[in-house]
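Colleague: Please take a close look at one part of this model for me, the annotated domain. I would like the helix packing and the charged pairs described in plain terms.

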Amino acid sequence: MLSAKLTSNAHGQDSSYFLGWEEYEKNPYHQIDNPNGIIQMGLAENQLSFDLLESWIKNNPDATGFKKDDQSIFKELALFQDYHGLPAFKNALVRFMSETRGNTVTFDPKNLVLTAGATSANETLMFCVANPGDAFLIPTPYYPGFDRDLKWRTGAEIVPIQCSSSNGFRITRSALEDAYQQAQKQDLKVKGVLITNPSNPLGTSLSLHELDLLVNFISTKNIHLISDEVYSGTVFGSPNFVSIMEVLKNRNLVNNEVSKRVHIVYSLSKDLGLPGFRIGAIYSGNEDIVAAATKMSSFGLISSQTQYLLSEMLSDRKFTKSYLSENRRRLKKRQETLVKGLQKSGIRCLKSNAGLFCWVDMRDLMKSKSFEGEMELWEKMVYEVRLNISPGSSCHCSEPGWFRVCFANMSDETLAQAMQRVKSFVDSKKNNHNRRHQILNNARRTRSLPKWVFSLTSTQLEAVGQR
Ligand SMILES: Cc1ncc(COP(=O)(O)O)c(C=O)c1O
């Protein structure tokens, strides 16, 4: 009696990405109330700069008090339901989008569609450009939520562009071509490429070379390019972030046919740390898409009081400037703490310059170099070490042993605790390994051993040694 959509598993809810959250919910870490609980490191949330937002709100009570120039605007906001959005908010948002891109490009509010977060923006774009069964190519590893956002309700398909650690997971021409051919082999019509720049989960921004490659690719194949730039203001190291808009501008492609097939997704969930407010947007040079997406936005509007609050906040240029620079400084410091903390345990991260997470190489900690080995390690991390981190397989990474570890959704103390747990885990693994070798060497000296003894654990070996 229920719809096929309801019973389909395309949502991806059973992925280890979401399962880890469920485990965390059952036993959440708290420094005092639950010090042995699971530490949540699987959530790309920025809690490092709340004090800056709160202090702005305290100094600007009208913005949350439904007031403008001391006059109540409660009725105006309560009745507002135009899906084009509040003009003041759209103006403030496009200006902020320029600011996060170093004012290298400007955005026209006419080309902006407001949505309830980037989740809704990505799905709306899928509805606008793909029919059920059409495919989008996405570089791996990718944000696990895309399976839900792009495929579940639209019926669109994702074909991975396989990137590898051999070149730091960069997009290459051959990987793009291979994915395109793979889609064709599966009889799927390719409608476009979707990139996340800066990348979730890599924490790196795309190079100019990769962006040029992508523009060339979509030009020759006559397909769309969606650039999810939700982390554009969350870049804290070099190289600087380059938006796809900048590439179009520098190549004189703005207002050209190609630019009608390039769409940007943005949101304030990451850059301002406001995922609960559900503020997202589509920016597109394609009038038909802007018109259709605006109509569709009826299903996921941003409430008028949120638009009002943010129009006031983002119009305060002094605030946005100091917020962006201080937030970057804090993120950089936090990322360095994680990288150094893991280094102390001999664990290496992919060099990154952006995002709220690191892409961590845990291949040496796996018993077997396989996806089974990765899941076994993940279970150990969640249940023994009590850290929820996201395995690479949940991000569709083609190589086992990589994990996404978030660093901005906790306090300094919690991060220190997490690093201590990792160190104890790695040290105990090393000690077990050394002990096992020592026991085997001792045993070898005294007598020759049958082959099966070499597969025993150190505890079992000790027992054998004692016999
Ligand atoms: C790349 C990417 N796109 C979209 C989203 C969803 O963002 P929002 O909260 O604005 O819907 C996320 C959230 O993690 C993300 O990482």
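Modeller: UniProt, in an unreviewed entry, lists residues 39-422 as "domain: Aminotransferase class I/classII large". The model shown is predicted. Over residues 39-422 the content is 43% helix and 15% strand, and the end C-alpha atoms of the span lie 12 Å apart.

For the packing, take helix H6 (residues 87-100) and helix H15 (residues 317-343), whose axes are 11 Å apart and meet at an angle of about 40 degrees. Angles under 35 degrees would count as roughly parallel and those from 65 to 115 as roughly perpendicular, so H6 and H15 are oblique to each other. Their crossing is right-handed. On the H6 side the contact is made by Arg95, Phe96, Glu99 and Thr100; on the H15 side it is made by Arg317, Thr320, Lys321, Leu324 and Arg328. Sorted by class, this contact between H6 and H15 has five charged residues, two polar and two nonpolar.

Now the charged pairs. Side chains of opposite charge can pair when their charged atoms come close. The structure holds 22 salt bridges. One of them joins Glu123 and Arg153, with 2.7 Å between the closest N and O atoms. This pair links distant parts of the chain, as the two residues are 30 residues apart. Glu123 sits in helix H7 (residues 117-129), while Arg153 is in the loop between helix H8 (146-152) and strand S6 (157-161).

Methods:
Residues numbered from 1 in each chain as written. Predicted model: local features only at pLDDT ≥ 70, side-chain atom pairs only at ≥ 80, totals over all residues. Heavy atoms only, no water. Axes fitted to C-alpha atoms, helices over the stretch in contact; angles between N-to-C directions. Helix = DSSP H or I, 4+ residues; strand = E, 2+ residues; numbered from the N terminus. Parallel < 35°, antiparallel > 145°, perpendicular 65-115°, else oblique. Left-handed = near helix turned anticlockwise from the far one by under 90°. Contact = heavy atoms within 4.5 Å. Nonpolar A, V, L, I, M, F, W, Y, C, P; charged D, E, K, R; others polar. UniProt positions renumbered as here; feature names shortened; annotations may be inferred. Salt bridge = Lys/Arg side-chain N within 4 Å of Asp/Glu carboxyl O.
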